[in-house]
Amino acid sequence: MHKILIIHGPNLNLLGEREPDIYGRLTLDDVNQRITELAAEKKIKIKIIQSNHEGRLIDFLHENRKWADGIVINPGAFTHYSYALRDAITGIQLPAVEVHLSDIYKREDFRKISVTKEVCIQQISGKGLNSYIEGLQYLLNYLNGNV
Ligand code: DQA
């Protein structure tokens, strides 16, 4: 049974009310509920965290590095500048898929740079909730040797 960390970075707790024209009307609870349903269908275990604090996300990765087989992460704005988070992903040597609700390549220039992408096995951007769903499916295929 695969064990996956689902990580939501800063400001994603405000999903549903935060810039809904960009991020949609689903709340973080809605997103987590759909992910939890998919996890049940696929018979995998998940642990979910949202934090607005870089260090908390890094601690969570460290704490779960022996438990988990892989990671689905939306690093939020940390995507664009957090070398500390990037180092944590590299350091724990688990496959990670980076996901974004919005299409970061069709927004401000600073969002086009991801410092975490290079240490992830895949990046999925611009598909709303489906970015998480496709990201989790991609990770499971990878873990099952189907990628
Ligand atoms: C985001 C895109 C980031 O640029 C932004 O800072 C976020 C959310 C997304 O899911 O589209 O907080 O990661």
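In this predicted model, helix H3 (residues 54–63) packs with helix H4 (residues 83–92) at an angle of about 0 degrees, and their axes lie 10 Å apart. Angles under 35 degrees count as roughly parallel, and H3 and H4 are therefore roughly parallel to each other. On the H3 side, the contact is made by Glu54, Leu57, Ile58, Leu61 and His62. H4 contributes Ala84, Leu85, Ala88, Ile89 and Ile92. Sorted by class, the contact of H3 with H4 comprises eight nonpolar residues, one polar residue and one charged residue. Glu counts as charged, so Glu54 of H3 is the charged residue of this contact.

Attention can now turn to the ligand. The residues around the ligand are Pro10, Arg18, Tyr23, Asn74, Gly76, Ala77, His80, His100, Leu101, Ser102, Ile104 and Arg111. By class, this shell divides into five nonpolar, five polar and two charged residues.

For His80, a polar side-chain atom is found 2.7 Å from a ligand oxygen atom. His100 likewise has a polar side-chain atom at 2.8 Å from an oxygen atom of the ligand. In the case of Ser102, an N or O atom of the side chain lies 2.6 Å from a ligand oxygen atom. Taken alone, the ligand exposes 320 Å², and 99% of that area is buried by the protein.

Key:
Residues are numbered from 1 along each chain as its sequence is written. This is a predicted model: local features need pLDDT of at least 70, side-chain atom pairs count only at pLDDT 80 or more; totals for chains, interfaces and linings use all residues. Side-chain values use heavy atoms; hydrogens and water are left out. A residue is near a molecule or strand if one of its heavy atoms lies within 4 Å of it. A polar contact is a pair of N or O atoms within 3.5 Å; within protein, one must be able to donate a hydrogen and the other to accept it, and residues adjacent in sequence count only if both atoms are side-chain atoms. Accessible areas come from the Shrake-Rupley method with a 1.4 Å probe; for residues, only the protein chains shown count as cover. Axes are lines fitted to C-alpha atoms, for helices over the stretch in contact, and angles run from 0 to 180 degrees between N-to-C directions. Helices (H or I, at least four residues) and strands (E, at least two) are DSSP runs, numbered from the N terminus. Angles under 35 degrees count as roughly parallel, over 145 as roughly antiparallel, 65 to 115 as roughly perpendicular and the rest as oblique. Contact means heavy atoms within 4.5 Å.
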